[in-house]
Each structure stands twice: as structure tokens, then as C-alpha cells.
Amino acid sequence: MQFKLLAKDRSGARRGEFTTHHGTVQTPAFMPVGTAGYVHSTPARDVAEAGAEVLLANTYHLSLGDRLASVRYMGGLHRFMGWDRTILTDSGGFQVFSLPDRVIDDEGVTFSYEEDGEKVTLTPEKSMEIQRDLGADIVMAFDECVSHTADRNYVGKSVGLTTAWASRCRDVKLQDHQFLFGIVQGGVFDDLRRRSAKEITAIPFDGFAIGGVSVGEGFDLMRRVVGVTAPCLPEDLPRYLMGVGLPEDILEAVHLGMDMFDCVIPTRYARQGTLFTRTGKLRIKNKNFRKDRYPLDTKCSCYTCRTFSRMVLRYLFFSGDPLAETLATIHNITFYQDLMTDIRSAIEENRFESFKREWLEIYKKNR
């Protein structure tokens, strides 16, 4: 993979870029989530205008019903989503392992689809074949995502299973333009994280991810897991922290040397009326905004902030008009992309630690 490390801050934060068939991505990067092949309420055009260079879609959800056949018929996920930039697809592991009736063995995971109850087995090979048909630029290996409360004995066995599955994923032929990332697991156990990193990085993947975080473990455990695992990953390939999406978590993970992030938080919060600003989160349905003529964030240049006031957006939410969700989503995606742009500039100028401290001081006043 054409990954270039362009700068490294004294703190350990990294500034880089990588190139896929659909363009160059600047890192650190945040990827909005289009789980089932679309970002809720928001056209891909607006997501691109907000500054996003990568979208994430999910293998599990896109394999439900006739969705995969529809994507194939359209000629792949890029045409299906109306998105001509980079796409990453999750392997489906996280979603499958959150299902209550799953049965795990060496071959894969057997479970029932949520929508129609059909019983299926998802194997590493099947996950790769689905992602190959979807045509994403970056494909994730199939792994077992364990609970942060899982006991050491179970996690140790799971690490071995994830390594075996990763090797099987690497053996599957993908499309010529596709890159494959391996995923490090190991729960909250430092030695198992190091073991998993050693085993997974021994397989010739194009990038590496830290999985099994953002599963309820909290900030301190997340920080410890990333702090232990990130130094075990190659310097010359992208490092992806899966599912982490609060601004303070992203800043901490960048500090620890991670390059890529994704989360449903900005888009899900937007649809619920929670907006991110540089002075903290803003809940637009609160009555104190009913006569507020300011934009959501006076330093934001997104379409929503240029065009609508807080009082109008509040009015749209209470009117039940879908436009409210669209405008809120545009703003939150822009906020996250602006944050990543500022992070990259701070790393280039070797001032990331002071930037992080000053940014959080202002943001946390109204968190």
C-alpha cells in the first residue's frame, strides 16, 4: 500500500497519506459510517463537500436480503452509494458477535439474520467473498471481537482463532484494486494484545487495525489498550482504531500514534439533535435555543452554519421534518473533518500536544 509518513510530532502523533484506486487519503482521517450503503439522511455529495475522503460500509448489513445482489447489479458499492472516493468495508465481525444466538467454531460463526431469521454461517472466506463483490478499496479481515469483560482464558483462545482466520482471509483472492487490513485483538490483557499484534503483523497485510475497543471499556482502558498495541504495529503502514469516535478519544488515540478512525457517533447524534461545536456538544432541542439567531458554531463554514440559525434548526426538529436530520448531519460531519484538518496541521508544525490541550480546554467547558 502506498502509505507515506509525512511528519511525526514529538508526542508520537503521525501525519501521513495513503493512495487507493479512488484517491489519496490524508491521515489522521475520520471515516463517516454508511452502514447499509448510505449515510442516513444525507447525500454522498454533501458528505464529500464536508471534507470526508473515506466512507465505511458494513459487510453484515450489506449481505442481508437482496442488498448484495443489488450492489452487484449496480457494478459495485461506489456506484451504488454515488461515492467516487475511497470506501472501507468492515468484515461483519463486530455485528455478528453482538448477536445473542451465535455459535463459534474453527470454521466460522453460525447465527440467524436479524431481518428474516435465516440461519447462516459466516466464515473468513465468505466475508472476503462478500467484500470482494462489494468492491470496496479497503477490506477488513474477519476476526472475533470479544467483550471487554471476557475472561483471560477465553480471550487467549480467541486470539488464536483470530490469527487462524486472518491467515485464511489473506489466502482469498480479492479484486486487483483492493487492500486487506488485519485486525489485532486481545481484550484488555496487555500480553495478549502484544501476542496478537506479533501474530497478525507476521501476515503480509496492507494495513493493521486495533479491534475490540469502544465496546464499553471506557476511556482509561481504551487508552491503555491502544498505548500497548500501537507500538507493536509497523511504522510504514496505516494504523486504524476501529469504532472510536468521541473527539476526546480521537485526540488521545492520535497522540498514541493511530491514523484512521470511524464511528456512528457524529451521524447518530445528529439525527437525535446533538451537535458538536468547538465549545462542546449542543442539544438543539433545549428551550434556550428557541430564540437563538447564532449559527451552531460561529467558526464553522458548513452549509448548515452558513444558512440556518440555531432557532430555525430547533424549529425543524420539532416540526419533524427530515431536513433537520440532514442539516444536523452535514454539520457534525464537517465538524469532525475540520478537527482532523486541524490535527494534521498541528502535527506538521510539531505542536500537537499544545493543540490537544488547548482544544480540549475549550471543548470540555460545555461537554
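Two strands are taken to pair if DSSP finds at least two bridges between them. In the predicted model, strand S7 and strand S8 (residues 109-112) are joined by two bridges and run antiparallel. Within this pair, isoleucine 104 lies opposite valine 109 of S8. The two strands belong to an open sheet of three strands, ordered S7-S8-S9, in which the pairing is antiparallel. Strand S7 (103-104) and strand S9 (119-122) each have a single partner strand and stand at the edges, so one side of each has no neighbour in the sheet.

Aspartate 90 is located in strand S6, which spans residues 86-90. The residue is buried but forms no salt bridge. When neighbours within four places in sequence are left aside, the contacts of aspartate 90 are Ala57, Asn58, Thr59, Gln95, Gln131, Met140 and Met242.

With residues up to four places away in sequence not counted, alanine 230 touches Ile210, Arg239, Leu256 and Met258. Lysine 173 is 57 residues apart from alanine 230 along the chain, and the C-alpha atoms of the two residues are separated by 28 Å.

Technical notes. Residues numbered from 1 in each chain as written. Predicted model: local features only at pLDDT ≥ 70, side-chain atom pairs only at ≥ 80, totals over all residues. Heavy atoms only, no water. Helix = DSSP H or I, 4+ residues; strand = E, 2+ residues; numbered from the N terminus. Buried < 20%, exposed > 50% of the residue type's maximum accessible area, 1.4 Å probe, protein only. Lys, Arg positive; Asp, Glu negative; His and termini not counted. Salt bridge = Lys/Arg side-chain N within 4 Å of Asp/Glu carboxyl O. Contact = heavy atoms within 4.5 Å.
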